[in-house]
Amino acid sequence: GHVMTAWRDTPGQVGLLTIAQSDTRIAAAHALLLSKASTLNDMKLHAGHVLHALDPAIEAAGPASGYGAKRAAAGAMQHVGFTAAVDNASATVKSHASTVTATLTEAVAAIDRAIALAQKVRSAASPAEAGAPIRDVQSVVEEIGRGLQQSEQEMRLMMKAEGL
């Protein structure tokens, strides 16, 4: 339930995976704007918005929820682990939880890569210097989105199998 439905400290008290996906969509929108930016100031602005969406501890201001995809995905991974560790967890729950944990682990690693790339853009001294990391930010953010979508699909299968 904490992963998919509600968690007490998320904006709107929605599930952790919901916030991770929402903030990742905002990061993706700004990664696209970043790829189209022509001035260094615009590049740095949109890189900052990507950072805010992924980890507001790094960039406090921006258009996302303020929770951050990284924190939400890591929290979802932790709660899936709690679910699988319950003594009476079914084999189905344990199997699905294993898959969800793997996809969330990959998503968090991709978030870290996207953060590093966006930080390179923010520290660039010229548009040319920002060019290489800009090209990679968009594809890595898309990778994050795919991983979170796979996690959601697997969670839905788990919930259905458990009659939830």
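How many aromatic pairs does a search of the whole structure find? The search finds 0. The model behind this count and the exercises below is predicted.

**Exercise 1.** Determine how helix α1 and helix α2 are oriented to each other, and describe their contact.

Solution. 
- Step 1. Helix α1 covers residues 16-36, and it packs against α2 at an angle of about 165°, the axes lying 8 Å apart.
- Step 2. Angles over 145 degrees count as roughly antiparallel, and α1 and α2 are therefore roughly antiparallel to each other.
- Step 3. The crossing of these two helices, α1 and α2, is left-handed.
- Step 4. On the α1 side the contact includes Asp 23, Ile 26 and His 30; on the α2 side, Met 43, His 46 and His 49 are among the residues that take part.
- Step 5. Sorted by class, the α1 and α2 contact has 10 nonpolar, 3 polar and 1 charged residues.

**Exercise 2.** Which residues make the contact between α2 and α5, and how are the two helices oriented to each other?

Solution. 
- Step 1. Helix α2 spans residues 40-54 and helix α5 spans residues 127-161; they pack at about 30°, with axes 11 Å apart.
- Step 2. Angles under 35 degrees count as roughly parallel, and α2 and α5 are therefore roughly parallel to each other.
- Step 3. The crossing of α2 and α5 is left-handed.
- Step 4. Leu 40, Met 43, Val 50 and Leu 54 of α2 meet Pro 127, Ala 130, Ile 134, Val 137, Val 141 and Ile 144 of α5.
- Step 5. The classes for α2 with α5 are 10 nonpolar, no polar and no charged residues.

**Exercise 3.** Which residue lies over the face of Tyr 67?

Solution. 
- Step 1. The residue is Arg 71, at 3.9 Å from the ring centre of Tyr 67.
- Step 2. A charge counts as over a ring if CZ of Arg is within 6 Å of the ring centre and within 35 degrees of the ring normal.

How values were computed: Residues are numbered from 1 along each chain as its sequence is written. This is a predicted model: local features need pLDDT of at least 70, side-chain atom pairs count only at pLDDT 80 or more; totals for chains, interfaces and linings use all residues. Side-chain values use heavy atoms; hydrogens and water are left out. Axes are lines fitted to C-alpha atoms, for helices over the stretch in contact, and angles run from 0 to 180 degrees between N-to-C directions. Helices (H or I, at least four residues) and strands (E, at least two) are DSSP runs, numbered from the N terminus. Angles under 35 degrees count as roughly parallel, over 145 as roughly antiparallel, 65 to 115 as roughly perpendicular and the rest as oblique. A crossing is left-handed if the near helix is turned anticlockwise from the far one by less than a right angle, and right-handed if clockwise. Contact means heavy atoms within 4.5 Å. Ala, Val, Leu, Ile, Met, Phe, Trp, Tyr, Cys and Pro count as nonpolar, Asp, Glu, Lys and Arg as charged, and the others, Gly among them, as polar. Rings of Phe, Tyr and Trp (its six-membered ring) pair if their centres lie within 6.5 Å; planes under 30 degrees apart count as stacked, over 60 as edge-to-face and the rest as tilted.
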